[in-house]
Amino acid sequence: MHQRWPLPYVKRAIIRAFQGSVLTLKKGDMLFMGEKMRAAVFEGEGVLNIKEVDVPKIEKPDDVIVKVEMCSICGTDVHIMSVPPGYAAKPGTILGHELCGEVVKVGLGVTSLKVGDRVVTNPNDFCGVCTFCKKNLPNFCENIIPMGIEADGGFAEYVKISERVAFKISKDLPAKIAAFAEPLACLLNGKNKLPISPGDSVLVCGAGAIGLLFVQIVKAAGAFPVILSEPVKSRRDVALKCGADIVVDPLNEDLSKVVLEATGIGVDYAIDVVGNQLNTCASNTRKGGTALLFGLNSNAEEVVKPFDLTTRETTVIGTWLANASFPAAVKLLESGKLDLEPLITHTLPLDDVGKGIEILRKGEGIEILVDLRL
């Protein structure tokens with residue numbers, strides 16, 4: 001007499017049999033590995049090619065395969081593609097890390113996600129066991145694996161992530177809004193270091209996507225006035241739509257004079273989202289004020305006078321990546337409280353990733369989305 005096994009056991013046995021060779025098992029369909037996908041591959045200094053590569057496969061129990069819907073271009077991508085590079089990436093890596101998509105396959109150990117769920121991801125996978133991870137500082141993980149830098153990223157039809165860095169999103173959240181999750185989570189990690197109260201004054205240096213998000217977030221916290229410094233007029237115009245009280249062209253206006261006229265003593269908080277505005281931020285804060293350094297530019301070098309920081313009791317804070325801030329970012333996006341439409345200047349197909357990077361480099365765009373469904 002043959003033993004009859006319950007259907008779940010049979011299904012699990014089938015999955016195990018094909019583990020590592022099946023892309024997805026959904027509604028009875030099997031897509032076998034060996035299939036190709038199109039992706040934007042970084043191949044060395046200043047070289048990015050659209051080419052066919054293997055679809056990623058499940059290799060570990062907590063692996064998740066995501067079909068990418070949207071992936072936005074980050075300033076980090078611009079730095080990677082600069083010659084010489086302002087940020088190092090491993091040749092042969094698929095770029096892109098600000099993504100959202102649909103789960104199409106999960107490893108056997110995955111319990112919090114299922115096929116069909118939509119997710120965003122923390123692109124900096126952490127080990128969970130190093131000294132910093134055990135201090136609840138996974139953004140400083142000693143074994144961190146950065147997507148789109150050392151591991152394949154989201155400028156591709158499919159991407160592999162681990163369950164621990166995947167965050168479920170509503171099926172109703174538009175992909176163009178969900179793509180803001182990663183930069184917003186990083187921003188919130190920085191904002192959480194600033195105890196901004198209603199009536200506090202804030203200077204934001206730079207009106208890219210992060211700068212404009214900062215404007216909206218600090219305005220929501222009750223900051224006034226919010227001063228935005230940005231040399232590109234089109235970006236200053238968007239800053240006004242995002243709630244900035246005063247916008248300044250630092251190339252043709254005296255920023256320090258504007259700040260003093262607006263505040264009398266300097267701003268309570270200044271935020272550098274560019275990566276080379278430390279002195280500008282520190283010199284425009286009031287005595288006892290705080291400068292937050294968010295932007296990255298590995299080529300920037302500034303001479304700082306410790307005497308000025310000491311005698312003015314200026315606090316300088318760095319902020320790095322996201323840390324326990326993705327759930328809040330997802331909730332904020334789903335709430336609809338942020339007006340993100342004015343930030344989206346371009347939506348491009350995968351073939352035009354390089355074009356989008358150049359647009360962002362020239363300051364002619366703000367949030368540039370790559371739609372993998374096109």
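**Strands, partners and buried residues**

Trainee: In strand S18, which residue is the bridge partner of Leu-292?
Mentor: This is a predicted model, in which local features need pLDDT of at least 70 and side-chain atom pairs count only at pLDDT 80 or more, while totals for chains, interfaces and linings use all residues. Residues are numbered from 1 along each chain as its sequence is written, and side-chain values use heavy atoms, with hydrogens and water left out. Strands (E, at least two residues) and helices (H or I, at least four) are DSSP runs numbered from the N terminus, and S18 covers residues 315–318, running parallel to S17 with four bridges between them. The S18 partner of Leu-292 is Ile-317.

Trainee: Which helix makes a β-α-β unit with S16 and S17?
Mentor: The unit is right-handed, a word that applies if, with the strands pointing away from the viewer, the path from the first strand over the helix to the second runs clockwise. The helix between S16 and S17 in this unit spans residues 278–284 and is H9.

Trainee: Is Tyr-269 buried or exposed?
Mentor: Tyr-269 lies in strand S16, and its contacts (heavy atoms within 4.5 Å), leaving aside neighbours within four places in sequence, include Leu-194, Asp-200, Val-202 and Thr-290. With a 1.4 Å probe and protein chains only, a residue under 20% relative accessible area is buried, one over 50% is exposed, and one in between is partly exposed. Because its relative accessible area is 10%, Tyr-269 counts as buried.

Trainee: How far apart in space are Tyr-269 and Leu-194, C-alpha to C-alpha?
Mentor: In sequence these two residues are 75 residues apart, and Leu-194 is among the residues in contact with Tyr-269. From C-alpha to C-alpha, the distance between them is 7.8 Å.

Trainee: What is the relative accessible area of Ser-229?
Mentor: Ser-229 is found in strand S14 (residues 226–229), and, not counting residues up to four places away in sequence, it touches residues including Leu-203, Cys-205, Val-248 and Leu-255. Ser-229 is buried, and its relative accessible area is 6%.

Trainee: In the open sheet of three strands, what is the strand order?
Mentor: The edge strands, each pairing on one side only, are S4 (47–54) and S6 (93–94). S3 (residues 36–44) runs antiparallel to S6, to which two bridges join it, and Phe-42 stands opposite Thr-93 in S6. With antiparallel pairing, the order of the open sheet is S4-S3-S6.

Technical notes. Pairing = 2+ DSSP bridges.
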